[in-house]
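Let me put the structure up and then walk you through a few spots.

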Amino acid sequence: MNETVNAWLDAHLPDMIADIKALCAINSVEGEPEDGKPFGDGPYQSLNKALELAKNYGFAVTNYDNYVGTADYDQDLPRTLDILCHTDVVPAGEGWTVTDPFKVIEKDGRLYGRGVSDDKGPLVAALYAMRALKENGVKLKKGVRFIMGANEETGSHDIAHYYATEPEAEMTFSPDANFPIINIEKGQFKGILSKDCAEDKTLPRVLSLDAGIAFNAVPQKAVIRFEGLDIDANQNILDDVAAQCEVKIEKTGDDEVTIIGHSAHASTPEDGRNAGLAAMILISKLPLYPSEMQKTVSQIPKLFPYGVTDGSGIGIKMADEDSHDLTCTLDLYHVDPTHAEFTFDARTPVMATKENCEAVAAKTVQDAGFDWSTPGMIPPHVVPKDSDFVQKLLASYEAVTGKKGECIAIGGGTYVHELKNGVAFGAVFDGVDTRMHGADEFFDLDNLLTAAKIYADAIVRLCA
């Protein structure tokens, strides 16, 4: 049967491509809510287009208030497996060179366009896996439900709405990440350091320092405004810090310096060049008056050494065998003459607890002279690697690709983070950067076809 199903998928690749093009032509970035359109017109149009495709393939579909749509393989079977995808996308952004963001083209064995890899291409691949099985008369003993959300990129309010009325299935996988399989998503720990001081107007001093746009992204840009500092006379210090931190530092006003680094997601901070930390190093080296504020903020490079992303500066370095190293990055910065505030984002392994992580960081920060606050720790998500569910998914991956499958732990969160027995399973092959969320997002056609075959095999293993 596998050969028959795989041959069907091979023959229907042109149809898969056409359906991806149609789905990706819809700009489904979240917009202003409208009556009956909770996430705006684009997500509404995209969700309903996906439901139209599923209905045309012969599946029974249901629309949950335009938050979520579902397609059932056979409504008479007991629900056992959910496959969870999404139809919304991030904004197009700038820098596209191969095609317009919402006009998918095929070039050199790839599809280019916003959403082709996150998540409309994988959605179509998984839906075609179900279609291939159905059109080839494969009988299942357990039910499969295909779930399509419309708000994954901006809060996952879609899934919260759905699961408020529907139970979780026994098993759930989401084709919204990487192969082989992600069974562990680290916990998250956010902390805020702050300090209030009486204003000291003795010069030279920092008037303001700001860096970062989100607590979960390494800041690309930092801007410092000084009073009473001859920036030109200290150019050698600017050059030294720029070389040390591998960033660009330039004078952008009579009393202003701008630092440009490289952004990265907080789950992989080692990929970035933290402009905020470079700014803190710079002000610690410049001949500024040693006010109480200056002395306090000069502690920051000690607590968060540049290039060190393991949390050791605040005492929370740790790792375990399955979820690996804790990562920590300081991502939001504000300093003025009377107030300083900094926010860090740590991604914590399974072994992290309130006692060995949160309490230790709090004490270290307070000992350094800062006030401390935190919203608390978000627990990790773990599905045991030796579970029958995970092992069968790995078996499908290995059978189709011929490669050894293994479980992966990541610092980011996926669509299944809140589901008890949910894992991320493809659709992108590990080690391939499809530029999702960036310009010229792509999805390889051989990846598309192989993913569909893996999903078809997995459905049979789990539900036949």
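This is a predicted model: local features need pLDDT of at least 70, side-chain atom pairs count only at pLDDT 80 or more; totals for chains, interfaces and linings use all residues.

So, which strand does threonine 258 lie in? That's E15, residues 256-260; helices (H or I, at least four residues) and strands (E, at least two) here are DSSP runs, numbered from the N terminus. Numbering runs from 1 along each chain as its sequence is written, and side-chain values use heavy atoms, with hydrogens and water left out.

Back to threonine 258. Its relative accessible area is 9%, so we call it buried, where buried means under 20%, exposed over 50%, and partly exposed in between, with a 1.4 Å probe and protein chains only. Its side chain makes a polar contact of 2.8 Å with the side chain of threonine 252. By polar contact I mean a pair of N or O atoms within 3.5 Å; within protein, one must be able to donate a hydrogen and the other to accept it, and residues adjacent in sequence count only if both atoms are side-chain atoms.

Valine 257 is in strand E15 too, and at 1% relative accessibility it counts as buried. Leaving out residues up to four places away in sequence, valine 257 touches, among others, Phe226, Ile231, Leu238 and Leu282 (contact means heavy atoms within 4.5 Å).

Now the cores. A nonpolar core is a set of buried Ala, Val, Leu, Ile, Met, Phe, Trp, Tyr and Cys residues joined through side-chain atoms within 4.5 Å. The largest has 70 residues, and Leu81, Ile83, Phe146 and Phe425 have the most contacts inside it. Helix H12, residues 445-463, gives the largest share of this core, 12 residues. Apart from it there's another core of 55 residues, including Ile249, Leu286, Met318 and Phe342.

H2 brings Leu13, Met16, Ile17 and Ile20 to the contact, and H12 brings Leu445, Leu448, Leu449 and Ala452.

Most residues other than glycine have a negative phi, and most peptide bonds are trans. Here, the bond from aspartate 118 to aspartate 119 is cis, with omega near 10°, and aspartate 119 sits in the loop between strand E5 (110-112) and helix H4 (120-135). Glycine 426 to alanine 427 is also a cis peptide bond, omega near 15°. Then there's aspartate 108, with a positive phi near 55°; at 72% relative accessibility, this aspartate counts as exposed. Serine 156 has a positive phi of about 55°, and with a relative accessible area of 24% it's partly exposed. That's my tour, thanks.
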